[in-house]
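Welcome! Here is a short tour in questions and answers, for anyone meeting this structure for the first time.

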Amino acid sequence: MKKNFQSIRGMHDFLPKDLSIFNNIKNILIKILNNYCYSEINMPILENTNLFTRTIGNITDIVEKEMYSFTDQSGNSLTLRPEGTVGCVRACIENGLIYNQIQKLWYLGPMFRYERPQKGRYRQFYQLGVEAFGFDGPDIDVELIMLTVRWWKKLNLLPYLNLEINSIGSLQSRLIYQKELIIFLNKNKLSLDLESRKKILTNPLRILDTKNKNVQLLLKQGPKLHDYFDKPSYVYFEQLCQLLDSMNINYQINSLLVRGLDYYNDTVFEWTTKYLGSQNTICAGGRYNSLVSYIGNQSVPAIGLALGMERLMLLFKNIYQTSCIKSNFSIDINILFSNYTIESMQLAEEIRNKFPNLKVMINYSGGSIKKQLKKANKFFTLIVLFFFKNKNHEFVVSMQNLKKNSVIYLFKHEVIETLSKIFN
Ligand code: ATP
Ligand code: MG
């Protein structure tokens with residue numbers, strides 16, 4: 001293929017095999033979201049650029065260097081959404097969904113960030129976002145975390161994931177703390193890496209979640225955010241931990257876990273894993289009581305999370321090798337192999353009418369019986385039907401059950417009834 005016809009760097013095609021794992025995982029996640037009364041919302045992928053610059057801010061990685069922005073033919077600056085929360089808040093305000101009412105919402109779709117592509121980090125990636133509006137917490141914060149625990153349990157991934165939580169207090173207390181932190185960092189500037197040094201001026205709190213081990217060690221000697229909490233934040237975090245304890249949820253307090261954005265407050269949490277290399281955060285959440293008033297004109301308490309679907313899939317595949325995924329998500333295909341195409345098509349339609357949940361496939365390309373059976377196995381087929389004519393020139397169907405290794409011979413009109421016994 002000519003070089004300019006490759007997919008864009010960091011953006012990949014989802015092929016049927018991966019997509020079936022993706023959808024199976026998605027269905028499990030959604031079922032549990034329903035269980036907690038979250039409803040789906042869908043926003044456009046494009047938003048006005050200033051929605052992001054005014055909320056996420058100019059000094060964050062996302063706005064500074066990761067956004068895909070362009071000017072449309074009317075001269076408007078538009079951006080491919082780098083995340084879902086602000087678009088969701090915009091949609092909720094515009095459609096009157098969150099003032100003076102509660103709302104629990106989820107969405108799933110592609111996000112776009114111009115990052116350095118690597119395993120688990122892409123330029124187009126799928127996020128499942130969950131947002132709860134109008135709840136003060138901390139009980140809803142714990143409920144949201146419990147929902148994630150249920151996700152991992154259902155996917156058999158809980159043993160491979162760690163919950164880290166923290167509180168970042170209120171904006172006021174953070175500003176006081178930030179001043180002290182800047183003094184400390186300036187004193188120790190020589191021990192900082194280049195990236196962190198730049199952030200002293202732009203976003204010092206973001207230095208706390210650096211991946212640089214030496215900087216992490218240095219920070220241990222610095223001022224602690226928790227020492228600057230005001231009383232309500234202190235009580236809130238205590239209640240959060242107590243509730244998590246009484247729901248038997250395991251967690252670690254990571255005092256370096258932060259969000260660099262002003263509109264976040266109190267609760268932050270992340271699910272991390274040791275099984276994915278450096279892109280080890282699967283799901284990140286936090287409380288953002290100030291965001292709604294940045295976009296609209298009323299203040300609404302809110303908490304949300306974003307789950308990286310590709311990272312979750314990578315983890316799932318690492319833990320459960322492909323064979324296990326197959327058996328976890330096995331599909332029954334009834335393949336009708338035959339030289340008698342019309343009879344097969346008619347019977348296939350009858351089967352589809354009667355069993356809308358079964359997967360029915362006809363092997364139009366023919367081939368020897370051996371070859372057809374090989375194909376059937378490749379598709380994890382349960383039942384294989386062959387048409388042939390008996391010595392009285394009547395159509396007869398052989399029904400092979402590949403799992404039980406058995407064959408029976410039927411007249412055409414007996415097929416549906418026999419399948420009913422198998423599938424009902
Ligand atoms: P990171 O520190 O990995 O860059 P982040 O703080 O930018 O993460 P969030 O904006 O909180 O990430 O996004 C929530 C989740 O979305 C992440 O935990 C991750 O699972 C996923 N995610 C974020 N960026 C990417 C990306 N470029 N490719 C794939 N998944 C991503
Ligand atoms: Mg990032």
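Q: Which residue caps the N-terminal end of α8?
A: This is a predicted model, where local features need pLDDT of at least 70, side-chain atom pairs count only at pLDDT 80 or more, and totals for chains, interfaces and linings use all residues. Residues are numbered from 1 along each chain as its sequence is written, chains are lettered from A and ligands numbered from 1 in the order in which they are written, and side-chain values use heavy atoms, with hydrogens and water left out. At the N-terminal end of α8, a side-chain oxygen lies 2.9 Å from the backbone nitrogen of N214.

Q: Which residues of α8 are buried, and on which side do they sit?
A: Helices here are DSSP runs (H or I, at least four residues), numbered from the N terminus, and buried means under 20% relative accessible area, exposed over 50%, partly exposed in between (1.4 Å probe, protein chains only). In α8, residues 213-220, the buried ones are V215, L218 and L219. They span an arc of only 100° around the axis (taken from the directions from the helix axis to the C-beta atoms), so they lie on the same side of α8.

Q: What do the buried residues of α8 pack against?
A: The other side of α8 holds the exposed K213, N214, L217 and K220. Contact means heavy atoms within 4.5 Å. The buried residues pack against α6 (171-187) and α7 (194-202).

Q: Which residues are exposed on the face of α14 turned away from its buried side?
A: In α14, residues 369-378, Q372, L373 and A376 are buried. Their arc is only 100° around the axis, which puts them on the same side of α14. The face turned away from them carries K370, K371, K374 and K378.

Q: How many disulfides does a search of the whole structure find?
A: A disulfide is a pair of cysteine sulfur atoms within 2.5 Å. The sulfur of C92 is 4.2 Å from the closest cysteine sulfur, in C88, so this is too far for a bond. Both residues are buried, C88 at 0% relative accessibility and C92 at 0% as well. The number of disulfides found is zero.

Q: How far apart do the C-alpha centres of domain 1 and domain 2 lie?
A: Domain bounds come from an automatic or database domain assignment. Domain 1 covers 16-170 + 229-320, and domain 2 covers 331-423. Their C-alpha centres lie apart by 46 Å.

Note on methods:
Helix = DSSP H or I, 4+ residues; strand = E, 2+ residues; numbered from the N terminus. Polar contact = N/O pair within 3.5 Å; in protein donor to acceptor, adjacent residues only side chain to side chain.
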